[in-house]
Amino acid sequence: MKFNNEFRLIITQNFSSSINSNIDKALFKSFENDSKPILRVYSWEDCVTLGAGQKLDDYEKLQNSYKNNISKRLTGGGVLFHGHDISYTILLNPNMIENKDVKETYFLICQFLLKFYEDLGLKPKFAKDDESIVLSKSPFCQVGFEAYDIIIDGKKIGGNAQKRAKNCILQHGSIPLYTKQKDEVFGTSLEDFGIKLNFEEAKDRLIKAFKTTFNVEFLEDKLNKKELEILDSLNKDS
């Protein structure tokens, strides 16, 4: 599917767990029927996010290790470690994609990620299409396998999640760029496949893959007044 739309492009770097999570929440809360679709590309401090259904109290050790640089995403899923990854968030009106259901939306939006990996010379596929993968749940995002997780050489790379409202679909995800720690909870990185990209290089490649896949133009932008007001309120409550 080609969107043939202009997207707001918002780029931010090295924010804390709570600020990055709250930016997504602010964009989602302020999205209206006539809002321009958004692609946000960003990076993090060394920090942790939890899925919306997880409890911070269950991860006291992580809170101490990361000096409380830990927050809850507005999507589900498990514990995710940041600081070695590049992340994206997409917000669009369901009408733009003919009100496709959750599975169809994952399939559609993830096409630009498949393109990103293919342009790096890799051979990505969905977990559901890899016979070696057993779909499973885990409290740690990078350990479990969902149907539309992306698999390269039998290994999961990054993760993606959605939040939906009547007038907005938000999908976000992260791609580990380098190996932060040899532990499955940190996930497989591009470096593990022999590919070295810094944030700027990965950002440019993600944007190019998105533009090519969906035939969009970008308007480089920042958060508007309404979004900043919601963000400020969320930050005060964090």
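Student: Is the crossing of H4 and H5 left-handed or right-handed?
Tutor: This is a predicted model, and everything said here is about that model. H4 covers residues 111–119, and H5 covers residues 199–214. The crossing of these two helices is right-handed.

Student: At what angle do H4 and H5 pack, and which word describes it?
Tutor: Two packed helices are described by the angle between their axes and the distance between the axes. For H4 and H5 the axes are 8 Å apart and the angle is about 125 degrees. Roughly perpendicular ends at 115 degrees and roughly antiparallel begins over 145, so H4 is, relative to H5, oblique.

Student: Which residues of H5 make the contact with H4?
Tutor: From the H4 side come Gln111, Phe112, Leu113, Lys115, Phe116 and Asp119. H5 answers with Ala202, Arg205, Leu206, Ala209, Phe210, Thr212, Thr213 and Phe214.

Student: How many residues of the contact of H4 with H5 are nonpolar?
Tutor: The residues of this contact divide into three classes. There are 3 charged and 3 polar residues, and the nonpolar ones number 8.

Student: Is threonine 213 buried or exposed?
Tutor: Threonine 213 sits in helix H5. Its relative accessible area is 16%. The limit for the buried class is 20%, so threonine 213 counts as buried.

Student: Which residue's backbone oxygen does the side chain of threonine 213 reach?
Tutor: Setting aside residues up to four places away in sequence, threonine 213 touches Met1, Lys2, Gln111, Phe112 and Lys115. Its side chain also reaches a backbone oxygen at 2.6 Å, and that oxygen belongs to alanine 209.

Student: How are H3 and H4 oriented to each other?
Tutor: H3 spans residues 102–109, and its axis comes within 4 Å of the axis of H4. The two axes cross at roughly 30 degrees. Angles under 35 degrees fall in one class, so H3 and H4 are roughly parallel.

Student: How many charged residues are in the contact of H3 with H4?
Tutor: H3 supplies Phe107, Leu108 and Ile109, while H4 supplies Gln111, Phe112 and Leu113. By class there are 5 nonpolar residues and 1 polar residue, and the number of charged residues is none.

Student: At what angle does H1 pack with H6, and which word describes it?
Tutor: H1 is formed by residues 17–30 and H6 by residues 225–237. Their axes are 8 Å apart, at an angle of about 135 degrees. An angle has to be over 145 degrees to count as roughly antiparallel, so the word for H1 against H6 is oblique.

Student: Which residues of H6 make the contact with H1?
Tutor: H1 passes H6 in a right-handed crossing. The H1 residues in the contact are Ser18, Ile19, Asn22, Ile23, Lys25, Ala26, Leu27, Lys29 and Ser30. Those of H6 are Lys226, Glu227, Ile230, Leu231, Leu234 and Asn235.

Student: How many residues of the contact of H1 with H6 are charged?
Tutor: The nonpolar residues of this contact number 7. The polar ones number 4, and the count of charged residues is 4.

Student: Which side chain does the side chain of aspartate 24 make a polar contact with?
Tutor: Aspartate 24 lies in helix H1 and is buried, at 2% relative accessibility. Apart from neighbours within four places in sequence, it is in contact with Arg40, Tyr42, Leu74, Thr89, Leu170 and His172. The polar contact of its side chain, at 3.3 Å, is with the side chain of tyrosine 42.

Student: What is the relative accessibility of leucine 62?
Tutor: Leucine 62 is found in helix H2, residues 60–65. Not counting residues up to four places away in sequence, leucine 62 touches Val48, Ile70, Val79 and Phe81. Leucine 62 counts as buried because its relative accessibility is 14%.

Student: What is the phi of asparagine 14?
Tutor: Most residues other than glycine have a negative phi. Asparagine 14, placed in strand S1, is partly exposed, with a relative accessible area of 46%. Although asparagine 14 is not a glycine, its phi is positive, at about 55 degrees.

Student: Where is glutamate 98 placed?
Tutor: Glutamate 98 has a positive phi of about 60 degrees, although it is not a glycine. Its relative accessible area is 58%, so glutamate 98 is exposed. Its place is in the loop between strand S6 and H3.

Key: Residues numbered from 1 in each chain as written. Predicted model: local features only at pLDDT ≥ 70, side-chain atom pairs only at ≥ 80, totals over all residues. Heavy atoms only, no water. Axes fitted to C-alpha atoms, helices over the stretch in contact; angles between N-to-C directions. Parallel < 35°, antiparallel > 145°, perpendicular 65-115°, else oblique. Left-handed = near helix turned anticlockwise from the far one by under 90°. Contact = heavy atoms within 4.5 Å. Nonpolar A, V, L, I, M, F, W, Y, C, P; charged D, E, K, R; others polar. Buried < 20%, exposed > 50% of the residue type's maximum accessible area, 1.4 Å probe, protein only. Polar contact = N/O pair within 3.5 Å; in protein donor to acceptor, adjacent residues only side chain to side chain.
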